[in-house]
Amino acid sequence: MIKFYFHPSPNPAKVALLLEELGTPYEAVPVDTRKGEQFDPAFLAINPNGKTPAMTDGDAKIFDSTAILMYLANKEGKFLPGTAPEAQAQFLSWMMFVASGIGPYSGQSVHFTHFAPEPKDYAVNRYSYEAERHWGLIDQRLSEGAYMMGDTYTVLDMAVWGWARAVPFILGADAWEKLPHLKRFMDDINARPAAQAAEALFASHTFKKEMDDAAKAVMFPQNKRLG
């Protein structure tokens with residue numbers, strides 16, 4: 001059976017949605033990152049990068065949310081865009097855009113806006129600007145169709161959904177007013193039983209919520225170098 005190692009954050013959310021959409025039996029294994037459980041040797045044996053999500057499928061060990069999405073979708077032959085070169089090109093381009101743009105810039109925007117010590121004006125300006133720009137491109141794409149690939153619901157939409165759940169925290173309380181097509185997309189996916197099951201999975205486990213000194217020490221280990 002698949003073992004899915006997760007924390008209720010954007011990247012694991014993508015995988016939870018796909019697992020629920022597939023109806024694939026799996027064992028959910030919570031990893032409380034604010035307690036440092038991602039650095040347990042048993043978890044590092046699956047993901048040496050010490051981040052969620054990670055997954056095992058028999059003897060196979062897979063980490064990184066995009067790798068897991070592609071692995072599962074290809075294994076099951078579902079939620080893919082078809083074999084036409086044009087569709088493949090657009091699908092892969094946007095999939096990598098989410099992986100290398102939406103995720104990193106949204107994550108850095110959150111870090112510098114909500115957690116970094118002062119002075120941080122330059123960093124907040126850079127990453128919030130880039131996060132807004134990236135999400136604007138997603139909104140424009142969604143103005144052209146129901147999903148990122150037009151009328152076809154794919155793992156690309158699940159990748160977007162994982163991060164879009166956090167858009168108000170990333171961009172501010174008025175973010176949905178600026179991204180109407182993304183908001184419509186989110187409402188549609190949130191109504192899907194699989195999305196509700198993924199959210200229920202996250203709610204069924206108690207994770208540490210406090211970002212206290214102990215949590216910061218494991219979440220931001222680079223700060224040790226500051227002395």
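Modeller: Keep in mind that this is a predicted model. Let's begin at the start of α6, where a side-chain oxygen of Thr154 comes to within 3.1 Å of the backbone nitrogen of Leu156.

Biologist: Which residues of α6 are buried?
Modeller: Val155, Leu156, Asp157, Met158, Ala159, Val160, Trp161, Gly162, Trp163 and Ala164. That is 10 of the 10 residues, so α6 is largely enclosed by the rest of the structure.

Biologist: At what angle do α1 and α6 pack?
Modeller: About 140°, with the axes 7 Å apart. Here α1 covers residues 10-22 and α6 covers residues 155-164.

Biologist: What do you call that arrangement of α1 and α6?
Modeller: Oblique: angles over 145 degrees would count as roughly antiparallel, and α1 and α6 are therefore oblique to each other.

Biologist: Is the crossing of α1 and α6 left-handed or right-handed?
Modeller: Right-handed.

Biologist: Which residues make the contact?
Modeller: From α1, Pro10, Asn11, Ala13, Lys14, Leu17, Leu18 and Glu21. From α6, Val155, Met158, Ala159, Trp161, Gly162 and Trp163.

Biologist: How many of those are nonpolar, polar and charged?
Modeller: The contact of α1 with α6 has nine nonpolar residues, two polar and two charged.

Biologist: New topic. Where is Glu20?
Modeller: Glu20 sits in helix α1. Its relative accessible area is 27%, so Glu20 is partly exposed.

Biologist: What does Glu20 touch?
Modeller: Leaving out residues up to four places away in sequence, Glu20 touches Tyr26, Ala194, Ala197 and Ala198.

Biologist: How far apart are Glu20 and Ala197 in sequence and in space?
Modeller: They are 177 residues apart in sequence, and 6.8 Å apart in space, C-alpha to C-alpha.

Terms used: Residues numbered from 1 in each chain as written. Predicted model: local features only at pLDDT ≥ 70, side-chain atom pairs only at ≥ 80, totals over all residues. Heavy atoms only, no water. Axes fitted to C-alpha atoms, helices over the stretch in contact; angles between N-to-C directions. Helix = DSSP H or I, 4+ residues; strand = E, 2+ residues; numbered from the N terminus. Parallel < 35°, antiparallel > 145°, perpendicular 65-115°, else oblique. Left-handed = near helix turned anticlockwise from the far one by under 90°. Contact = heavy atoms within 4.5 Å. Nonpolar A, V, L, I, M, F, W, Y, C, P; charged D, E, K, R; others polar. Buried < 20%, exposed > 50% of the residue type's maximum accessible area, 1.4 Å probe, protein only. Polar contact = N/O pair within 3.5 Å; in protein donor to acceptor, adjacent residues only side chain to side chain.
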